[in-house]
Amino acid sequence: MKKAIQLLGMFSIVLFVSCSGSDGFDGRDGVDGLDGEVIVGETYEIDNIDFSASSNVVRFTFPQEIVNGDAVLVYRLEEIVDDLDVWEPLPTATIFFDGGGYLQYRFNYTIGDVDIIVESDDLTLADDEFMLNQIFRIIVVPSDLISSIDTSDINFVMAELGLDKNNIQTIDTNIQN
């Protein structure tokens with residue numbers, strides 16, 4: 001038994017020594033690896049979305065499939081105040097109408113597309129401000145980052161991804177539903 005433990009100890013030492021690698025180009029132990037991959041998000045802005053009582057879903061197809069596991073966030077331009085855009089993350093809080101009824105925007109996605117959906121108990125009660133000429137932003141967030149960022153603030157998300165207005169791909173769809 002004592003000999004078996006000694007052999008195991010010697011084998012372990014040989015294993016650790018053989019795995020140390022050669023000196024790298026920078027003088028440190030081990031072989032230099034490849035540079036890491038740059039994490040990049042994508043941002044799309046979709047203008048002129050018109051919903052109707054008979055068609056409450058708009059589908060946006062990504063120009064290329066996103067990476068399986070990445071997260072998709074969707075924001076709706078709620079209003080403009082003092083020349084500043086106010087973006088609301090979907091799903092929105094439920095909007096209740098004075099005369100009764102409600103409305104809510106939500107979305108679902110695959111690696112190939114996003115469906116933006118407006119729901120209501122009666123879409124005919126929704127004013128044009130909620131149904132016509134809607135603007136949405138879709139942000140694809142790499143899975144490595146999604147748990148570390150505050151997704152309720154579109155400006156924070158874009159800053160964390162290193163994106164600004166120049167990185168937004170605007171799509172004027174003129175979709176009439």
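Asp82 is exposed in this predicted model, because its relative accessible area is 73% and exposed means over 50%. Asp83 is exposed as well, with a relative accessible area of 75%.

**The loop between β3 and β4**
- Asp82 sits in the loop between β3 (71-81) and β4.
- The phi angle of Asp82 is near 50°, which is a positive value in a residue other than glycine.
- Asp83 has its place in the loop between β3 and β4.
- For Asp83, phi is near 65°, again a positive value in a residue other than glycine.

**A cis peptide bond**
- The peptide bond that runs from Leu90 to Pro91 is cis, and its omega is near 0°.
- Pro91 belongs to the loop between β4 and β5 (95-96).

**The second largest pocket**
- The second largest pocket holds about 180 Å³ of space.
- With three residues, β4 supplies the largest share of the lining of the second largest pocket.
- Residues that line the second largest pocket include Asp83, Leu84, Asp85, Trp87 and Arg137.
- Also among them are Asn155, Met158, Leu163, Asp164, Lys165 and Ile168.
- Sorted by class, the lining of the second largest pocket consists of five nonpolar, five charged and one polar residue.

Note on methods: Residues are numbered from 1 along each chain as its sequence is written. This is a predicted model: local features need pLDDT of at least 70, side-chain atom pairs count only at pLDDT 80 or more; totals for chains, interfaces and linings use all residues. Side-chain values use heavy atoms; hydrogens and water are left out. On a 1 Å grid over the protein atoms alone, a cavity is a set of points where a 1.4 Å probe fits but cannot get out, and a pocket is an open set with protein on both sides within 12 Å along at least five of seven lines; lining residues have an atom within 4 Å of a point. Grid points are joined across faces, edges and corners, and a volume is the space filled by probe spheres set on the points. Helices (H or I, at least four residues) and strands (E, at least two) are DSSP runs, numbered from the N terminus. Ala, Val, Leu, Ile, Met, Phe, Trp, Tyr, Cys and Pro count as nonpolar, Asp, Glu, Lys and Arg as charged, and the others, Gly among them, as polar. Buried means under 20% relative accessible area, exposed over 50%, partly exposed in between (1.4 Å probe, protein chains only).
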